[in-house]
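Welcome! Here is a friendly briefing to read alongside the sequence and the 3D view.

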There are 2 protein chains.
Amino acid sequence: MSKLLIVGTVAFDAIETPFGKTDKILGGAATYISLSASQFGINSGIVSVVGGDFPKKYLKKLNKRFINTDGVEIVENGKTFFWKGKYHNDLNSRDTLITDLNVLADFKPIVPENFKDTDFLMLGNLHPTVQMEVIKQIPNRPKLVVLDTMNFWMDNTLPELMEVIAKIDVITINDEEARQLSGEYSLVKAAQKIHNMGPKYVVIKKGEHGALLFNNGNVFYAPALPLEEVFDPTGAGDTFAGGFIGHMAKSGDISFENMKRAVISGSNLASFCVEKFGTERMENLSQEEIQKRLLQFKLLTQFEIELS
Amino acid sequence: MSKLLIVGTVAFDAIETPFGKTDKILGGAATYISLSASQFGINSGIVSVVGGDFPKKYLKKLNKRFINTDGVEIVENGKTFFWKGKYHNDLNSRDTLITDLNVLADFKPIVPENFKDTDFLMLGNLHPTVQMEVIKQIPNRPKLVVLDTMNFWMDNTLPELMEVIAKIDVITINDEEARQLSGEYSLVKAAQKIHNMGPKYVVIKKGEHGALLFNNGNVFYAPALPLEEVFDPTGAGDTFAGGFIGHMAKSGDISFENMKRAVISGSNLASFCVEKFGTERMENLSQEEIQKRLLQFKLLTQFEIELS
């Protein structure tokens, strides 16, 4: 069975949407990625850090889904990373109200011995120096390295980010970030420029408009499922990334054809994530529901043409 | 062979994009719709109005593509409808600089005798009262009636527009307009409400993000082809509508399965339209180019899943 190592934040989130608000609940990129990837029944582990205030039951929740948390450092006298955000009425944009880095500020990641031979590596959105530290601790290059990042690191730590980008296989960013990183408005041209920075595969996330997968000349478009209700978009991008790498790790097949299915899987899982607050929906999701919705993706996109 | 009647503007456009500008060139909804539909080799005719200033060579251009212009009234002492617009740098938005209705202000449409038995009717974007006048002049209901409209008519002539909407089969509008018309943010809910207003089929155009086709419980997503260059978006929506109804008219098959192909055809033709200024690309387009790009749409969206 393939091993998957995930580095990213494990955090407290407080979320406000037009439909309600939460106190501090379980959040963080690594949390969403691992919950999503765990749907594929693979051997996964997290590298992260939390404070002494982090409930053990949250880690147990992950362990119950066969997510190894040996790599989650607990700083007993520190506080867990906290993010508070409020979504606008259209749910397409949000204001960050609080970002308390806390124990994340001095985080030195340590890859556990039993994950140094990981086959798949997912670098979740956090400081590129931390992402690079993890890459360096893995002696043999994994089969596939996927990077998620955001505009904040492009604005503040671009040289460090570019070094990480040069070392990975797949980058996942949103359309605005692809434009910022490349300086190109056309996403086709943006993907070409980003290929030249290192990644053979460029995944551009467009939220409710789906995602594009570029591999040099090839393009694939995975739609987002049109939904009646979006309740809370928090974690949708991470859930997408977790579904993507989870599918890849389960199959072990890194062909472009299979990567198409991985993008669909990511889009599929993200469509569940937004249906409830926080991680709730991802913690209560059956294989039957996942398979049924995969079929909806098929119906949504497949057509026959007669070429004359 | 099916007959297709198109009502809409035939106009002069002056366009400015970041890549250049034009003087008065051939434009108008009916022009783009008919040029696009003419790719399907069907028997089509236009109902519209122009002034004495309108060059006969423009009408001949259309006739050469077997588009009947007997229904284009020429008001010798009047001036042709004129629109001038300037696109912003991202080409996703534009300012209208001039709208001179001219002969369009008093337009009373007259359906030519030989199109009163039309099988397909395309009501291009213009005053809903004109659209209704055309519907009334056709004694036997066509096989399929498609309506294109825009926010301007929702703002200014909503009661008249609602009467037209109640009488048609397919409505094509963009995402913002679907939200305005329905009062729903979710496009799934918006489509449901619009179904209740009359149309069995709702096509929601999302520009560079493609188009959604709704038919009660069914949804289909046609992506836009990711392009390296968009030169001039003018007429893309009309070209989409022309490709849609052109495909329907050619096949004569009004099933949902076939409508999927029609949406793809519309998206395919629109992808050409934006590559050059005005109608230039649509006037010089080969069947080989169209077929080749259809194949690209197939590659862009098709995937295999194994359901476990």
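Counted over all chains, the salt bridges come to 34, a salt bridge being a side-chain nitrogen of Lys or Arg within 4 Å of a carboxyl oxygen of Asp or Glu. The model is predicted, so to speak of local features pLDDT must be at least 70, side-chain atom pairs count only at pLDDT 80 or more, and totals for chains, interfaces and linings use all residues; side-chain values use heavy atoms, with hydrogens and water left out. Residues are numbered from 1 along each chain as its sequence is written, while chains are lettered from A and ligands numbered from 1 in the order in which they are written.

**Salt bridges**

- Side chains of opposite charge can pair when their charged atoms come close.
- Within chain A, the side chains of A:Glu176 and A:Arg179 form a salt bridge at 3.2 Å, N to O.
- A:Glu176 and A:Arg179 are both part of helix 6 of chain A, where they sit three residues apart, about one turn of the helix.
- Helices (H or I, at least four residues) and strands (E, at least two) are DSSP runs, numbered from the N terminus.

**How the two copies are related**

**Where the chains meet**

- Of the interface residues of chain A, 98% are also interface residues in chain B, so the copies meet through the same surface.
- Chain A brings 40 residues to the contact and chain B brings 39 residues, contact meaning heavy atoms within 4.5 Å.
- About 3900 Å² is buried between chain A and chain B, with 55% of it on carbon and sulfur atoms.
- Buried area here is the accessible area (1.4 Å probe) that two parts lose on being put together, summed over both.
- On the side of chain A, the most area is lost to chain B by A:Tyr221, A:Glu228 and A:Phe303, together 17% of what that side buries.
- Six salt bridges cross the interface of chain A and chain B.
- The side chains of A:Glu304 and B:Lys298 also meet in a salt bridge, at 3.9 Å, N to O.
- Which elements of chain A each supply at least two residues of the side that touches chain B? They are helix 6, helix 7 (187–197), strand 14, helix 9 (256–273) and helix 11 (287–301).
- Helix 11 of chain A gives the most to that side, with eight residues.

**The sheet of chain A**

- In chain A, nine strands make an open sheet with mixed pairing, in the order 6-5-1-9-10-11-12-13-14; two strands pair if DSSP finds at least two bridges between them.
- Strand 6 (67–75) and strand 14 (218–222) of chain A stand at the edges with a single partner strand each, so one side of each is left without a neighbour in the sheet.
- From one strand to the next, the twist averages 15°.
- Five bridges link strand 11 (residues 170–174) and strand 12 (residues 201–205) of chain A in the parallel sense, and A:Thr172 stands opposite A:Val203 in strand 12 of chain A.
- Helix 3 (residues 128–136) of chain A lies across strand 1 (3–7), strand 9 (120–123) and strand 10 (144–148) of chain A, at about 165° to strand 9 of chain A.
- Helix 6 (residues 175–182) of chain A lies across strand 11 and strand 12 of chain A, at about 110° to strand 11 of chain A.
- For these angles, axes are lines fitted to C-alpha atoms, for helices over the stretch in contact, and angles run from 0 to 180 degrees between N-to-C directions.

**A hairpin in chain B**

- Strand 7 (residues 82–87) and strand 8 (residues 94–100) of chain B run antiparallel and are joined by six bridges.
- B:Trp83 has B:Thr99, in strand 8 of chain B, as its bridge partner.
- This hairpin has six residues between the strands, and B:Leu91 takes a positive phi near 65°.
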